[in-house]
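This briefing takes up strands, sheets and an annotated span, grouped by topic. The sequence and structure come before the details.

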Amino acid sequence: MEKILEVKNLEQRFDLNKGILDKIKFKNGKFIKEERIVNAVNNISFSIDKGKVFSLVGESGCGKSTTARTIIKLIDPKGGNIRFDGKDITNLTGNEMLKYRKKMQMIFQDPYASLNPRQRVLDILTEPMLFHQVVSSKSEAMEKAFEILKKVGIRSEQATRYPHQFSGGQRQRIGIARALAVEPEFIIADEPVSALDVSIQAQILNLMMDLKEEYNFSYLFIAHDLSVVKHISDDLGVMYLGKIVEKGSKKHIFNNPLHPYTKALFSAVPKLSGTNLKNSKNVQGEIPSAINLPSGCYFHERCPYAKPICSKEMPIEKEVEKGHCVLCHQY
Amino acid sequence: MSIQVETSNKSQEKVNKWKSFLESEFFHNYKKSPTAIIGSIIVIVVLLIAILGPFFTVQNPYDMSNIDLNNAYKPPAWDEGGEAKFFLGTDQQGRDIFSAIVYGSRVSLIIGIAGTFLASAIGIVLGLIAGYFGGKIDAIIMRIADIQLSFPTMLIAIFLMSFIGRGITNILIALSLVGWVRYARTVRGETLSVKKKEFIEATKVIGLPNFKIIFKHVLPNVFTSIIVLSTIQVGSFILTEATLSFLGLGVPVTRPSLGMLCNNGFNVLYSGLWWVSIFPGLYIMIIVFGINLLGDFLRDELNPKLK
Amino acid sequence: MKKKLLQVNNLRTYFHTFKGTVKAVDNISFDIDEGEILGVVGESGGGKSITGFSIIKLIDEPGKIETGEIIFDGQDLMKKSESQMNEIRGKDISMVFQDPMTSLNPVYTIGEQMEEVLILHEKLTKDQRKKRCIELLKAVGISNPESRLKSYPHQFSGGMRQRVVIAIALAANPKLIIADEPTTALDVTIQAQILRLMTNLVKEQGCSLMLITHDLAVVSEIADRINVMYCGKIVETGSSKSIVEKFKHPYTKGLISSIPDLDKDKDRLETIPGIVPNMFNLPKGCNFSPRCKYCKDICKEKEPELVKVDEKHYVACHFPLREGEK
């Protein structure tokens, strides 16, 4: 199977104290240099097959959104490399990236912040088309914009309206239409339905899947909601504190979760049957800070199966069955 | 889609825009706010007087051939010895005060408005650059702004004017050099918050060049605060100019502004000719009062942070 | 038969804006028993939060409670003055809000904010108050509470802050807690912790809980009874089990089937077509009729009333779904 995206040993860090003066702190009677670095993404690797949906799941602060933004080069990676369609794009500069920008697009989380309030829907769509010259003239761009809008379920007479005249779900449709405008091969969707009402969520998820069938692109889907992820993905990775602790096919992860954190996530999901919370035990505590990462396995402080080795050594990724990898000393 | 459809769409759109403005919350609140209505009436009347005034005045005060020394020292019409023709009286040279105010207000308003445009242009560009790029360029621009803010505005203006000399152009230069700082700070702050929005990230994902992102996507979204700031700024520039001219550092004597007129009358204020400087002074007050009423309303309505 | 703690009759809360009147809560009646957990679910714009705020009469301009009775513990809250309400709020009825960051004041310590409630509503000495604060923090699962009392809100994580908010809500031993989306801003593992904590505390203290949320799954996990709201009206009410298993209203059905189920594999999700109607311009007849696939002519003409379909199970629909029609 051909890969659309391969990520190897990707790292991303943010320095909280940017200036040199911020770094110097006065402590215990002397000046010391103190660094406060958020280790958002710590050495992760995964790949996405052409035409498939790969999801990254995890709780807030686990680095899943940062991973997405690093892959699409909104932020330059601090380590590792990213190969898109076989080409290394890790160190490409702005102009060299343009060719790939056309091929990778992004759908954002907040439908209220992701559209320019001062731009008409039509202009939101035609601007990227004209910029990347996917169309030869303005009138062709408009024609194409109407066509895309129809596909995502926005009527053509609504095209000259401004974003504030639409509901959240409709805005998300427009956001999807913008991503489609340049005919991408790969779309990163950063929590595209988490800000929407449930009934609208289902509409948008169906739309995204229909479009995938039609255009045959691949998705990197970022989400915290396991039931949504299960519905949409082929493969997935579970992230915790900037690490992928478990990855595999949907079948692997949902039928046979191995990592204690994955299991904890499953047991925390409220269910309509109303029995999940009552019957299961939950993990204790909260996600530690990404500034001072725990020693050894990042999960050991909350893990019910922690052994002495877990606090000392970071486990190595192990392929338990074909395509199903886990990062835990148990295996 | 043919071109014709597009144009008919556009005129339709204009009608719709006007309609939606009349139905908007902004217009609704405007109708309910007496201060806003009074403010805008004052501003409109002042503008009309400045534009149409020369058709109604008895003389052109700049044209010396119009002026008759025999008419000098006439008090306002309601005072003893006043003439209906010179409603607000005349000055030492026989110039009609009302005519002088009308012509003077044109100078004051032009300086106030043009100065605001220049100052905002400089401030907006620098603010956008500082806010969008951040880092060193931000630090440099904002430290210059900080240094300038640590001196009183008037002091800098006086210093500049005594350095470059009188004249309308020079006044505009001085005003934009003292006025850009407020724009730069406001615009930078707004830019910092707008640039974190996802729609800006979306333009980067598309790959748009920075200048396009800044002027097409950031600028329109900081525009409301620029409008609010500008209304107040016109008023404050009119005052600054008046002060400078009053001190003899502003406009040339040949084209007196309202501040200059006050200065003219000041010399004779204690000899009983109170009207020569009081009326121009009152008119400055009315203009600035009207502008500020309108500005306050705009600030309350358009500033999302106060809502 | 348990005693009724709260009875709301014909409550109407309208917002008079310049664009017209929004009937945010339109003629709803419900009750809460002592010790009961009532879930209120619906999508945004359903009027569920406004219902909560109406009960404690915290409705700001341009909103107004038009009519209705709110009988709490035998007294009609509608007849209370603002100062009498202030005594009831925080003491007999307390609230937990969605965003734990904004519901705590960032410039006071946790201890000061907890003590404030105790000073207002309980007569305790300083030492007793401190003891009570520590007890409360322990009860909500915060370790070493003595030292935590001196911390400021920003020193806590989101989940911890929500625990503190719950501790403050519990401080004066309220009879009713109204929780408005208390776990929406939290992660799933933390959400599970908070939900368990709230259920246990309610059971231990014997108070009632009104849980307002958009998440039907959360409600069905912990609530005894559920009100489903749509466009300011209660469209279905019944015990959690009967709502989830024997739902009668097409909207409830739509809500349930839009949730992707972890235990089942489905290719496409069932959806409710269309969007929530504009609140300024509600459809004639049943509010749900434009989106309902069972809609008949009468639905567009006549508004359905709540009718009894089962023990404690009421539905407002002209054509309630029969069982098996799923």
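Two strands count as paired if DSSP finds at least two bridges between them, and strands (E, at least two residues) and helices (H or I, at least four residues) are DSSP runs numbered from the N terminus. This is a predicted model, in which local features need pLDDT of at least 70 and side-chain atom pairs count only at pLDDT 80 or more, whereas totals for chains, interfaces and linings use all residues. Residues are numbered from 1 along each chain as its sequence is written, and chains are lettered from A in the order in which they are written.

**Chain A**
- Strand β11 (residues 235-240) and strand β12 (residues 243-249) of chain A run antiparallel and are joined by six bridges, and A:Y240 has A:K243 in β12(A) as its bridge partner.

**Chain C**
- In strand β7 (residues 176-180) of chain C, five of its five residues are buried, that is, 20 or more other C-beta atoms, placed from the backbone, lie within 10 Å of the residue's own.
- C:L176, C:I178 and C:D180 point one way from β7(C), while C:I177 and C:A179 point the other way.
- Strand β6 (residues 93-96) of chain C runs parallel to β7(C) over four bridges, with C:V96 partnered by C:A179.
- β7(C) also pairs in the parallel sense with strand β8 (residues 208-213) of chain C over five bridges, where C:I177 stands opposite C:L209.

Definitions and conventions
A residue is buried if 20 or more other C-beta atoms lie within 10 Å of its own, exposed if 12 or fewer, and partly exposed in between; C-beta atoms are placed from the backbone.
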